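The report below walks through selected local features of one protein model, with the cut-offs behind each term. Please keep the sequence and the structure in view while reading.

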Amino acid sequence: MKKLFVLLTVLSTVVFISCEKDETDSVNILSDTEKAVITNDAAVDNVAEAADYEVDYFTGSSTAITGISGTKGYFPPRPRYVDGVGPAVTVDPVGDVWPKTITIDYGQGVELVNGRILSGQIIIVVSAPPLTNGATREITYQNFYVDSTNVAGGGVCTFTGTDTTQRVFATNSDLTFTFSDESVLYRHGEHTRTLADGFETVYDHSDDLILITGFVNYTTEDDLTFSKTIIEPLTKTGECRYIVEGVVEFTLDDEVFAILDYGDGTCDDIATITKDGENIQMTLNRRRGFPQHH
């Protein structure tokens, strides 16, 4: 039993947890580089989702935008933030005039109820009233951090319909993620986010259900390339900081090497990876650096 405990401790340290009887062989079905691809994507995706959620929160409806009084205001207490204290928000121009520039300023740090700390600014140029067919949001991140990860760059999000029972946004983005160890990942993504439930409660996101489809391509500082394609929609709920359901396919240098399954909808940080018919588990809140290439 003691020997097994030591083995599990070691395996959890390197992120992956075996589901097979032969722990060593199972963990080794992935190379160090393949492990790094999957864990780095999970870390980046978790950070990007937090940033996307904030953009949706403040620009998802005309009510949200016009709820700010004057040229600079603070939203009334919101359940998304600890003690209801959110960021400072500036809208220019005010009134029924478009386009508008919305600046969300988190200062030195604002804490979400799920434990995340956001700092810096998100600047959004909104072309027309939200939920107008074809309306766009041009998003720029300035000295913006999710916990200790810096997000730079931006993208364009387009509302593609007028269906009041479902809200669909298509996003094209180019972002740079800098981690606390100063390593960098560059990401190009094209994805669609569908708010399938919870849109009736504009300020309460605990009941939100978001479905995500699309792909992302990555490049490391060493010019290693890898990608992720969603083959079953990813599911995100407002009350959980992790993706809770969905399946993705990973490629490394244009070759598919693994499938990742986020689970059955349970809010946890565990996902299952399948390669060559074998399964292993990984935790989504850990990150593994890439081996150095010489």
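## Backbone, burial and cavities

Asp253 is partly exposed, with a relative accessible area of 44%, where partly exposed denotes the range between buried (under 20% relative accessible area) and exposed (over 50%), computed with a 1.4 Å probe on protein chains only. The model is a predicted one, in which local features need pLDDT of at least 70 and side-chain atom pairs count only at pLDDT 80 or more, whereas totals for chains, interfaces and linings use all residues. Residues are numbered from 1 along each chain as its sequence is written, and side-chain values use heavy atoms, with hydrogens and water left out.

The protein chain has 4 helices and 16 strands, these being DSSP runs numbered from the N terminus, with helices (H or I) of at least four residues and strands (E) of at least two. Of its 294 residues, 47% count as buried. Among the contacts in the chain with a separation of 6 or more, 49% are between residues 24 or more positions apart, a contact being heavy atoms within 4.5 Å.

Most residues other than glycine have a negative phi, and most peptide bonds are trans. Asp253, which is not a glycine, has a positive phi of about 50° and sits in the loop between E13 and E14. Asn143 likewise has a positive phi, of about 45°, although it is not a glycine; this residue belongs to strand E7 and is exposed, with a relative accessible area of 57%.

Two cis peptide bonds can be described together. One joins Asp92 and Pro93, with omega about 0°, and Pro93 is placed in the loop between strand E3 (88–92) and strand E4 (100–105). The other runs from Trp98 to Pro99, with omega near 0°, and Pro99 is also found in the loop between E3 and E4.

Which cysteines form the disulfide? The structure holds 1 disulfide, and it joins Cys240 to Cys267 with an S to S distance of 2.1 Å, a disulfide being defined as a pair of cysteine sulfur atoms within 2.5 Å. The pair links distant parts of the chain, 27 residues apart, with Cys240 in the loop between strand E12 (225–237) and strand E13 (245–252), and Cys267 in the loop between strand E14 (255–264) and strand E15 (270–275). The link of Cys240 and Cys267 is right-handed, with 85° about the S-S bond. Cys240 counts as buried, at 1% relative accessibility, whereas Cys267 is partly exposed, with a relative accessible area of 49%.

Arg116 is placed in the loop between strand E5 (110–111) and strand E6 (117–126), and because its relative accessible area is 6%, Arg116 counts as buried. Its side chain is joined to that of Asn46 by a polar contact of 3.0 Å, a polar contact being a pair of N or O atoms within 3.5 Å in which, within protein, one must be able to donate a hydrogen and the other to accept it, and residues adjacent in sequence count only if both atoms are side-chain atoms. Not counting residues up to four places away in sequence, Arg116 touches Asn46, Val47, Ala50, Val110, Glu111, Val146, Asp147 and Arg241.

| Residue | Class | Relative accessible area |
|---|---|---|
| Tyr57 | buried | 1% |
| Cys157 | buried | 5% |
| Arg116 | buried | 6% |
| Asn143 | exposed | 57% |

A cavity is a set of points, on a 1 Å grid over the protein atoms alone, where a 1.4 Å probe fits but cannot get out, and its lining residues have an atom within 4 Å of a point. Grid points are joined across faces, edges and corners, and a volume is the space filled by probe spheres set on the points. A search of the whole structure finds 6 cavities of 30 Å³ or more, and the second largest cavity has a volume of about 140 Å³. Of the 16 residues that line the second largest cavity, the closest to its centre are Asp52, Ile139, Tyr141, Thr171 and His191. The largest share of that lining, 4 residues, comes from H3.

Conventions. 1 Å grid on protein atoms, 1.4 Å probe; cavity = no way out; pocket = protein on both sides within 12 Å on 5 of 7 lines; lining within 4 Å.
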